Each structure stands twice: as C-alpha cells, then as structure tokens.
Amino acid sequence: MLTTIDGKISKKLFEKDGFFLYLISANQGFVKASSNKRIIGTVKMKFYGRWEKYKEDSQFVIKMAFPIYEASNTGEFLSSIPGIGKKTARTLIQTFGDKTIEVCVNFPEKLSGVISESKARKINRYLHDYFLAADVREALFKAEVFNENC
C-alpha cells in the first residue's frame, strides 16, 4: 500500500550503483528512506512510497518525490526551479512580497522589468505545471490509482 511522508532530506546516507539511502526529517521524526533515483532538493517535499522491513529496521521506499510549496519557503521553492537561483528568487520576493507566487502564476507580465523574459516564462511554465501536477497526483493517490510498480 502506497503512503506519503512530508519532510526534507536531511542527509544522503549512502549511494552505490543507482541505490540511494536518505535520512528524511519528517513530522514523525527522522525516517530512513531508499530510492533508485537521486533526489535533489532543499525544500520540504512530499514523498510517495511504501514501508518495507529491512533487517531489524523499517525503511520507506520512495517511488516519487515532489517539492511542496508553502508561503514560508517561497525563496527556497523558487530557487529550486532549474535555472532560477537564489538571487532571482530574492529579487522577486523583494518586489512582490507575499504575492510572489500569485504574480508569477497569474500575472507573468508583471515580471518584465524585474527579471528577464526567459526567466519569467520559465517560472510561469514550471509553476503552472507544478500546481496542475500536484492536483492530479493528489487525486490519483486518493483514488488509489498508483500501484506498487509506479
């Protein structure tokens, strides 16, 4: 049965031949989690997977992981977009404050003059895809469409 964990990767514990073992700081404490994919991210993430017994321990086997947007992590979230750095994120937040994400998604024309047109398009596309995909993932997960082989 697939389940989810919300948390942040605290540390990569092990890597060998496409196998990764992470320590995740989650609401329920620290969790050991494995994956066959490299997960790069400093923001809070939603991990989809299942619990498996490993030796005397249980560990979470990650099938998918996606960043979680929260108003308190806007800078980290924006700078996690490929090609968008901390400086661009900081500039946007200084300009638009707590409306930054709303402006980036709904009013991308307001970004011109603040950042380049190509970065504005990249952010807008990424956020549209992110929010659409998040809605779809949640609906599929709730409908139990994901299976063990996802």
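Biologist: Which pattern does the protein chain follow, read along the sequence?
Modeller: Begin with what kind of model this is: it is predicted, local features need pLDDT of at least 70, side-chain atom pairs count only at pLDDT 80 or more, and totals for chains, interfaces and linings use all residues. Residues are numbered from 1 along each chain as its sequence is written, and side-chain values use heavy atoms, with hydrogens and water left out. Helices (H or I, at least four residues) and strands (E, at least two) are DSSP runs, numbered from the N terminus. Here the pattern along the sequence is β-β-β-β-β-α-α-α-α, that is, five strands and four helices.

Biologist: What does the C-alpha trace of the protein chain span along its principal axes?
Modeller: About 55 × 35 × 30 Å.

Biologist: How do I read burial, and what percentage of the residues count as buried?
Modeller: Buried means under 20% relative accessible area, exposed over 50%, and partly exposed in between, with a 1.4 Å probe and protein chains only. In this chain of 150 residues, 37% count as buried. For the surface itself, accessible areas come from the Shrake-Rupley method with a 1.4 Å probe, and for residues only the protein chains shown count as cover. The chain exposes about 9,100 Å², with carbon and sulfur atoms supplying 53% of that.

Biologist: Why does Lys46 count as buried?
Modeller: Lys46 counts as buried because its relative accessible area is 19%. Lys46 belongs to strand S4, residues 45-54. A polar contact is a pair of N or O atoms within 3.5 Å; within protein, one must be able to donate a hydrogen and the other to accept it, and residues adjacent in sequence count only if both atoms are side-chain atoms. The Lys46 side chain makes one with the side chain of Asp6, at 3.1 Å. Beyond four places in sequence, the residues in contact with Lys46 include Ile5, Met64, Phe66 and Glu138.

Biologist: And the rings: how many aromatic pairs does the structure hold?
Modeller: Rings of Phe, Tyr and Trp (its six-membered ring) pair if their centres lie within 6.5 Å; planes under 30 degrees apart count as stacked, over 60 as edge-to-face and the rest as tilted. The structure holds six such pairs. In one of them, Phe20 and Tyr22 have ring centres 6.1 Å apart and planes at 15°, so this pair is stacked. Both Phe20 and Tyr22 are buried. Elsewhere, ring pairs join Phe77, Tyr130 and Phe131 in a cluster.

Biologist: Where does the charged end of Lys110 sit?
Modeller: A charge sits over a ring if NZ of Lys or CZ of Arg is within 6 Å of the ring centre and within 35 degrees of the ring normal. The charged end of Lys110 sits over the ring of Phe107, 4.8 Å from its centre.

Biologist: Helices next. Which residues are buried in helix H2?
Modeller: An α-helix has 3.6 residues a turn, so residues three or four places apart point the same way. In H2, residues 86-96, the buried ones are Thr88, Ala89, Leu92 and Phe96. Viewed down the axis, they fall within an arc of 100°, so they line one face of the helix; the arc is that of the directions from the helix axis to the C-beta atoms. Lys86, Lys87 and Gln94 are exposed on the other side of H2. After H2 comes Gly97, with a positive phi near 60°.

Biologist: What is phi of Asp17 near?
Modeller: Phi of Asp17 is near 50°, a positive value in a residue other than glycine. Asp17 is in the loop between strands S1 (3-16) and S2 (19-26), and its 75% relative accessibility makes it exposed. Lys55, also not a glycine, has a positive phi of about 55°. The loop between S4 and S5 holds Lys55, which counts as exposed at 62% relative accessibility.

Conventions:
Contact means heavy atoms within 4.5 Å.
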